[in-house]
Amino acid sequence: MTRKLKQPQHHIPPLRLQNNIWARTDEQKATNFAHHLSIVFRPFPSQATKEEEDNIMQELSTPYQMALPPKKKICKSEVEYIIQHNTNPTKALGYDLLTGTVIKELSQKVIRALTQIYNVILRLEYFPRHWKIGQIIMIVKPGKNPTEVSSYRPISLLPLFSKILEKILLRHLSPILTTKKLIPDHQFGFRPKHGTIEQAHRLLRKIREDFNNKHFCTATFIDISQAFDKVWHPGLLYELKQALPHPMYSILKFYLTDRMFHVNYQEEYTSLCTIHSGVPQGSILSPILYSIFTADLPVTEQTLTATYADDTAILASHIDSITATQRLQLHLDQLEQWLKRWRIRANESKSTHITFTLRRDGCPAVSLNGKIIPQETTVKYLGIHLDRRLTWKPHIHNKRKQVGLMLQRMNWIISRKSKLSLANKLLIYKIILKLIWTYGIP
């Protein structure tokens, strides 16, 4: 009941298309969603020099040295453990129409055969094509106009056999990432013992040190446009080829290329469309692939870089406001060239420039891609609202407001008039309401 309350199902009204044409039937809506996504899943136009593009393509076309398959084979107990403990039976159907309940009921003979298939895939370095098809459903974004196609967020449902193999690949990939230190220290996203609160602590410690030293701490919070959907495949493959052993690179290359999707709306299904960019949505490997793709994000000794997936913050400090701004601008200039090289686009209008200081004056403005980044007195980073003096007033106000709105929605089930038992009311409070206001408490 509470899950349905938190995630209500909204009916999709007629969609506005070009020339004020409306899509009214389920088939028309599904077709237009697929057309919109086929445009979304394309990389941004190149802004790099022809020499840089040619170097990347030449590296990808260069044959690599042959290597033996991984010595560690996939065992039957590993597959069985993932099926029984990491497979959700309530997940929606993917392209293969298999549910988690069916997977959990597989016999030992089938699991043994499935294990052999997985080992053959690793040995041949080939990923099955039918496991690379995503079934997409569309969900409207909160506060957006439901008549616009761009107001919907795609949710990709992948075949379960593919997701099991992805979890196995991640187990083989994790020791390589740790040994070679492929994920930079400033990246806290999707790493063990690295969370949003830990990254926030890192930033706040720097700001408080500048307060104590009476320095200006000027910071820019960069908004990346469609970060996961617009990952440039040749650039990602280039990074993977430089970082990973060849057998692992080869299997990930087949995993990324020639992926397809179709849109499911009500009872309608569209034809298959090709994906030309992005990391597979809904895959456990996608965050790791994105972290490897952005691992060479430029950093400088005079600034502090903090990233959590695509949320990027850059801080520079000095006792002189102009010097602090110059340090920040120098870093942004390097970032601008890096973004152009890897076809990543920053949204300057949604990015924020703020100066943390106890003084009345602030730091001069900075620019990215020739556009001035808007200056604000408060900023939201990883769900925490920061003001220039760290008074926490905006954060407490917003959390109190969120709790109040959720309390209104749930009043009918936890109020005194509700016949629900006190134990269940307390349980609902702990798993929903308490999590809102306690976030950021440390």
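Before I go on, some housekeeping. This is a predicted model, where local features need pLDDT of at least 70, side-chain atom pairs count only at pLDDT 80 or more, and totals for chains, interfaces and linings use all residues. Residues are numbered from 1 along each chain as its sequence is written, and side-chain values use heavy atoms, with hydrogens and water left out.

So, the overall picture. The protein chain has 14 helices and 15 strands; helices (H or I, at least four residues) and strands (E, at least two) are DSSP runs numbered from the N terminus. Of the 442 residues in the protein chain, 46% are buried. The C-alpha atoms fill a box of roughly 70 × 70 × 55 Å along the principal axes.

Back to our isoleucine. Isoleucine 314 sits in strand 10, residues 311-318. What does isoleucine 314 touch, leaving aside neighbours within four places in sequence? Its contacts, meaning heavy atoms within 4.5 Å, include Thr218, Thr303, Leu328, His331 and Leu332. Asparagine 55, on the other hand, is 259 residues from isoleucine 314 in sequence and 29 Å from it in space, C-alpha to C-alpha.

Serine 291 is buried too, with a relative accessible area of 2%. You'll find serine 291 in helix 11, residues 286-293. Not counting residues up to four places away in sequence, serine 291 touches Ile183, Gln187 and Gly189.

Now the greasy part. A nonpolar core is a set of buried Ala, Val, Leu, Ile, Met, Phe, Trp, Tyr and Cys residues joined through side-chain atoms within 4.5 Å. The largest one here has 64 residues, and those with the most contacts inside it include Val79, Tyr118, Ile164 and Leu332. Which helix gives the most to this core? That's helix 7, residues 160-180, with 10 residues. Apart from that core lies another, of 23 residues, among them Tyr308 and Leu390. Val79, if you skip neighbours within four places in sequence, is in contact with residues including Ile111, Tyr118 and Ile164.

Next, rings. Rings of Phe, Tyr and Trp (its six-membered ring) pair if their centres lie within 6.5 Å; planes under 30 degrees apart are stacked, over 60 edge-to-face, and the rest tilted. A search of the whole structure finds 12 aromatic pairs. Take phenylalanine 127 and tryptophan 131: their ring centres are 6.3 Å apart and their planes are at 75°, so this pair is edge-to-face. Both of those residues are buried.

Tyrosine 238 and tryptophan 342 make a tilted pair, at 5.9 Å centre to centre with 40° between the planes. Tyrosine 238 is in helix 9 (residues 233-243) and tryptophan 342 is in the loop between helix 12 (321-341) and strand 11 (352-356), so the pair ties together parts 104 residues apart in sequence.

Ring pairs also link Tyr118, Phe127, Trp131, Phe161 and Tyr255 into a cluster. And over the face of tyrosine 255 lies arginine 259, at 4.7 Å from the ring centre.

How values were computed: Buried means under 20% relative accessible area, exposed over 50%, partly exposed in between (1.4 Å probe, protein chains only). A charge sits over a ring if NZ of Lys or CZ of Arg is within 6 Å of the ring centre and within 35 degrees of the ring normal.
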